[in-house]
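Please read them with the structure open.

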Amino acid sequence: MEIPNPNIHMWQGNVACAEGAIAAGCRFFAGYPITPSTEIAEVLSQKLPAIGGNFIQMEDEIAAIGAVIGASLGGVKALTATSGPGFSLKQENIGFAVMAEVPCVIVNVQRGGPSTGLPTHSAQGDVMQARWGTHGDHPIIVLSPSSVRETYDMTIRAFNLAEKYRIPVVLLSDETVAHLTEKITIPDPASIEIIDRKKPYVSPEKYLPYQIDETDIPAMANFGEGFRYHVTGLAHDETGFPTNNPEKIKAQLERLNRKIQRNRNDIVEVETFETEDMEVLVIAFGATARSARRAVINARESGVKAGLLRMKTIWPFPDEEIEKIYKSVKKIVVPEMNLGQIAHEVEWATRREKPVVRVNKINGEPITPNEIYESIISQG
Amino acid sequence: MDYLQYLRKDKMPHIWCDGCGHGIVLKSILRVIDKLGWDKNNIAMISGIGCSSRTPGYVDFNTLHTTHGRGLTFATGLKIARPDLHVIVVSGDGDATAIGGNHFIHAARRNIDISVIIYNNYIYGMTGGQVSPTTPGGKKASTTPYGNPDTPFDISRLAQAAGAAYVARSTAFHVGKMDRYIEQAFTKTGFSVVEVLTPCPTSYGRRNKEGRGVDMLMYQKQNSIGIEQAKGKTAEELKGKYITGVFVDKEQADYRQRYDEVIKKASKLNK
């Protein structure tokens, strides 16, 4: 009799997210019920205590992200998951995590907006909110999965990037991928790379929690390890204490942004498909990239040389990756379940040298392969 | 005792005004910590935003100055992740019961093992004296120039109703009581609240013609009444009085004990 492979599963996207978080070493989840992300909380409420972790349903979305930051400061990898309205509520504390450089992961399963919008329908309207939802100039990392397996992998990657760069990472899923069930084979747990925050190797007296050095990423002591330092959302200097000194503020905020900019090649991931000889470039992400791939195949069968660039990282924006491949194409097609948030960025990245054709849908329905195909083969 | 061993001397002078009661509360907290002999490395002090919320910056513990009203949420995450730490939240009346009111009642309901010291000065001091949820009716603030039309919260009663394991109220004048209440709160397993009425001469006293800090402390002395003495008195007799004392002191399983039961069940079921 064949022994069943324990790594094969029929999982929903949200389940894969919860399982990926556990595989990444997440041992704390705080959340608040919201469609269509709730399954992540439900799965973790069952799984985390079974492995000695902690799950807590907080009184609101703001409390959930607050608790996540608190847990992370205590040295435990922490996750919260939400959707549109809840993501709006979390923004202030996401800014705190950026400013105080506390690693954490926020899942936003996008649904139709604005406001309460379409709780049970898919959308990709939070691209700009994920980038600029919290106030002030700040860096952020945003990843977007297109499949169940990728949701698993990307949740692990989100934790690794959060720990490596001391920054909140947003996993920007959508209702389609989150509620899609696929058969997947997950990697052997032993083969998964896990990154932990860099610990200080100096004595507590010498520790500077926001030290500016050649890495731009300060070492992070956890609370209770003898380092007794101060964490604040106020502008602070290397010691972590608030300052009004313009030079010190400038130095810290520039480092904060630079730590992501200079590592964008490590952070930005795209996947290209049939782009070598293409005449039409399709740029897509999330669930829409699945339809886009089919549209590219269909276009090629009709004799139109189309190619796909699928963005796995959305922020930092993959402008350099687009730069490398767009010069020879006649046009660029950007399908997305919003009114052109990525198309706008593509126009900037390509200096409007090529026509950017938008395929937009905001009625809660996914974009079909045919809708993208029509735009690829259209001579207009 | 040597207060300086707990203070970050290089962060002095503090931002609190002459006559502010906040420093009296801080000294009381430090006296209790010294008496209990807690290791500074095992203490986390967390705050939100406001005058009281600047306290963590001055003390040599693990300190966290969070967003407005949210100190308790960060504290909840930290306490769950690190049950070994003594987690103290310092907060003001606006921070704890306006913007953070939801977190306050839910932390009490959960009975999570955190101590909250609320510096209640009935006003938003840091932003210049706006009306708060505890400003008495009729009193003036920068946003109630005709007198406060609203009814104030009774923070201690609120904490009691929400399920806290320990609740007490003192004034900044009654330092001996304050020390005792804070010690009882710090040694209580579960959610404990000490509400301290503290004068804000700059933003509250001046506008309401209540004099300087010392005058306001003397007023507290003359107008406080113990919770036992207050029993049986009519609302009319208690008007303008500060009721102080221990409102709640009960034993009940805290969040950690209850969640450890969850962990036990889950571990068995998922074997």
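**Notes on the model**

1. D216(A) is buried, with a relative accessible area of 3%; buried means under 20% relative accessible area, exposed over 50%, and partly exposed in between, with a 1.4 Å probe and protein chains only. The residue has a positive phi of about 65° although D216(A) is not a glycine. D216(A) is placed in the loop between β9 (181–185) and β10 (230–232) of chain A. Helices (H or I, at least four residues) and strands (E, at least two) are DSSP runs, numbered from the N terminus.

2. On the basis of these notes: this is a predicted model, in which local features need pLDDT of at least 70 and side-chain atom pairs count only at pLDDT 80 or more, while totals for chains, interfaces and linings use all residues. Residues are numbered from 1 along each chain as its sequence is written, chains are lettered from A and ligands numbered from 1 in the order in which they are written, and side-chain values use heavy atoms, with hydrogens and water left out.

3. E101(A) also has a positive phi, about 60°, and is not a glycine. E101(A) sits in the loop between α4 (84–100) and β5 of chain A. With 1% relative accessibility, E101(A) counts as buried.

4. In chain A, T35(A) and P36(A) are joined by a cis peptide bond with omega of about 5°. P36(A) is in the loop between β2 (28–31) and α2 (38–50) of chain A. In chain B, a cis peptide bond joins M12(B) and P13(B), again with omega of about 5°. P13(B) belongs to the segment before α1 (22–36) of chain B.

5. Which residues does L172(A) touch, once those up to four places away in sequence are set aside? They are N108(A), Q110(A), D126(A), V127(A), A130(A), V142(A), L143(A), S144(A), P145(A) and I314(A), where contact means heavy atoms within 4.5 Å. L172(A) is part of strand β8 (residues 168–174) of chain A. It counts as buried because its relative accessibility is 0%. The C-alpha atoms of L172(A) and T151(A), which are 21 residues apart along the chain, are separated by 9.8 Å.

6. T116(A) lies in the loop between β5 (104–112) and β6 (118–122) of chain A. Residues up to four places away in sequence aside, T116(A) touches P85(A) and R111(A). Between the C-alpha atoms of T116(A) and K77(A), 39 residues apart along the chain, there are 30 Å.

7. Chain A is divided into domain 1 (8–191) and domain 2 (272–377); the bounds come from an automatic or database domain assignment. Taken over C-alpha atoms, the centres of domain 1 and domain 2 of chain A are 26 Å apart. In chain A, 27 residues of domain 1 are in contact with 22 residues of domain 2.

8. Chain A has 13 helices and 16 strands. Its radius of gyration is 21 Å, close to the 21 Å that the globule rule gives for 380 residues, so chain A is as compact as a globular protein of that length. The radius is taken over C-alpha atoms, and the rule is 2.2 Å times the number of residues to the power 0.38. Along its principal axes the C-alpha trace spans about 70 × 60 × 40 Å. Of the 380 residues in chain A, 61% are buried. Among contacts in chain A with a separation of 6 or more, 78% are between residues 24 or more positions apart.

9. Chain B comes to 11 helices and 10 strands. For its 271 residues a compact globule would have a radius of gyration near 18 Å, and the 19 Å of chain B agrees with this. The C-alpha trace of chain B spans about 65 × 45 × 35 Å along its principal axes. Buried residues account for 57% of the 271 in chain B.

10. Chain A carries 39 positive and 48 negative side chains, the centres of the two sets lying 3 Å apart. Chain B has 36 positive and 25 negative side chains, and 3 Å separate the centres of its two sets. Lys and Arg count as positive and Asp and Glu as negative, with His and the chain ends not counted; the place of a charge is NZ of Lys, CZ of Arg, CG of Asp or CD of Glu.
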